Amino acid sequence: MSSFNTRCPYCQGLNRVPNHRISETAKCGKCKQALFDGMPIEGTSDNFSALLQSDTPVVVDFWAPWCNPCVGFAPVFSEAAQQRNGQLRFVKIDTEAQQALASQFQIRSIPTIMLFKNGQRVDMINGALPKSQFEQWLTQALLK
């Protein structure tokens, strides 16, 4: 039985999640908050492929802490995660800490936002967007 570790978006506690339970409502062992709904999840080399295999579409923000547009876009991304709780899974990947993932997905500019369905990328945008434009892109991308 394989599993991956993921940090709780609320308390940052480390949790081990079996791969076969990725589509279930997992809760943090420390604070009992939902691990995968309502707030963006920290994407890592260890958990990203399992997160993509979920039945739930996944929106990924490739960003870096030194990038001002990335930092400015973070509240828009978090608010969308809260508003679409249960419909979509939101993942943030720090391209500085996760250079292998940035390379794998050929990230050349940040922020880069990708939408995945059933493990396949269906759409991508580059650059920070205002909330209304991000919501419009997301709605259109989900129709693909």
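This report covers salt bridges in a predicted model.

## Overview

The structure holds 4 salt bridges. Side chains of opposite charge can pair when their charged atoms come close.

## Strand to strand: aspartate 61 and lysine 92

Aspartate 61 pairs with lysine 92 in a salt bridge. Their closest N and O atoms are 2.7 Å apart. The two residues come from distant parts of the chain, 31 residues apart. Aspartate 61 belongs to strand S4 (residues 58-63), and lysine 92 to strand S5 (residues 89-94).

Both aspartate 61 and lysine 92 are buried.

## Helix to helix: glutamate 79 and lysine 131

A salt bridge joins glutamate 79 to lysine 131, with 2.6 Å between the closest N and O atoms. Glutamate 79 is in helix H2 (residues 68-83) and lysine 131 is in helix H4 (residues 131-142), so this pair ties together parts 52 residues apart in sequence.

Glutamate 79 is partly exposed, at 33% relative accessibility. Lysine 131 has a relative accessible area of 29%, so it too counts as partly exposed.

## Helix to loop: glutamate 135 and arginine 84

Glutamate 135 forms a salt bridge with arginine 84. Here the closest N and O atoms lie 2.9 Å apart. Glutamate 135 sits in helix H4, while arginine 84 sits in the loop between H2 and S5. The pair links distant parts of the chain, 51 residues apart.

The cut-off for buried is under 20%.

How values were computed:
Residues are numbered from 1 along each chain as its sequence is written. This is a predicted model: local features need pLDDT of at least 70, side-chain atom pairs count only at pLDDT 80 or more; totals for chains, interfaces and linings use all residues. Side-chain values use heavy atoms; hydrogens and water are left out. A salt bridge is a side-chain nitrogen of Lys or Arg within 4 Å of a carboxyl oxygen of Asp or Glu. Helices (H or I, at least four residues) and strands (E, at least two) are DSSP runs, numbered from the N terminus. Buried means under 20% relative accessible area, exposed over 50%, partly exposed in between (1.4 Å probe, protein chains only).
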